[in-house]
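Have the viewer open as you read.

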Amino acid sequence: MNQNNSGFLASIPTVTKNLIIINVLFWVASLVLPRIGIDLVSLLGLHFPGVSDFYFFQFITYMFMHDPHSFGHIFFNMFAVFMFGRVLESVWGPKRFLLFYIVTGIGAAVVQEIVWLFSIQAFASEHQISLLQLIAQDPSLNFLVTIGASGAVFGILLAFGMLFPNVPLYIMFIPVPIKAKYFVIGYGVIELFLGVSNFSGDSVAHFAHLGGMLFGYFMILYWKKKDRKNGGYRY
């Protein structure tokens, strides 16, 4: 039994495996540490710049945090990292894959901040005060928090669809396989629709997901151009 487990873990590429382990450790810590008064979600989750709980390191740390009240949040994100991330790491190598993961995660955070900025600015204009005044006077802005690896995960899905566009994917509740390129396009359209619609009670950062895909798209285009220029093809 131990040999089989060791063989399974050894079959997972290093970066993919460590990303999953780190995310799980942070999720467990977010369950345990509140008992001694440490709120990791508030500390490491992404906040809007200018509020009292904002720190620049949150542009990275937020992507390793997941909802401590939802096992599904971390499970499905890490399942996607396991399923698709290990393929990309095998193709790109550990350094390029890790860089892609971090950059798409940061890109998702940047897009989320921009979405917040427009929303908060519109609210401030409606109440005839400046953005800085609103930030200083409204402590409820601290409750704007984004957590999760979904931005990087959507970047991974985009990359898989671009590198292996015709690979059939089998999705739950859909009886026929879907080519990766159509799956990625469909997922992107759905996220755009949900983000624009902004349904009441929907707390998912849909535009952050699109941000991960957008940054991933431009990274892949840049790498393709660079690899061709250097005479090497990795795609």
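## Where α6 meets α8

Keep in mind that this is a predicted model. Helix α6 covers residues 94-126 and helix α8 covers residues 150-163; their axes come within 7 Å and cross at roughly 125 degrees. Angles over 145 degrees would count as roughly antiparallel and 65 to 115 as roughly perpendicular, so α6 and α8 end up oblique to each other. The crossing is right-handed.

Which residues make the contact? On the α6 side you'll find F97, F100, Y101, T104, G105 and A108, and they meet G151, A152, G155, I156 and A159 of α8. Sorted by type, the residues of this α6 and α8 contact come out as 7 nonpolar, 4 polar and no charged.

Is A180 buried or exposed? A180, which sits in helix α9 (residues 180-197), is buried, with a relative accessible area of 0%.

Leaving out residues up to four places away in sequence, A180 touches F160, G161, F164, P165, V167 and L169. Take F164: 16 residues separate it from A180 in sequence, and the C-alpha to C-alpha distance is 6.8 Å.

## Helix α10

Helix α10 runs over residues 206-229, 24 residues in all. From first C-alpha to last it reaches 35 Å, close to the 34 Å expected at 1.5 Å a residue.

Key
Residues numbered from 1 in each chain as written. Predicted model: local features only at pLDDT ≥ 70, side-chain atom pairs only at ≥ 80, totals over all residues. Heavy atoms only, no water. Axes fitted to C-alpha atoms, helices over the stretch in contact; angles between N-to-C directions. Helix = DSSP H or I, 4+ residues; strand = E, 2+ residues; numbered from the N terminus. Parallel < 35°, antiparallel > 145°, perpendicular 65-115°, else oblique. Left-handed = near helix turned anticlockwise from the far one by under 90°. Contact = heavy atoms within 4.5 Å. Nonpolar A, V, L, I, M, F, W, Y, C, P; charged D, E, K, R; others polar. Buried < 20%, exposed > 50% of the residue type's maximum accessible area, 1.4 Å probe, protein only. Expected span 1.5 Å × (residues − 1).
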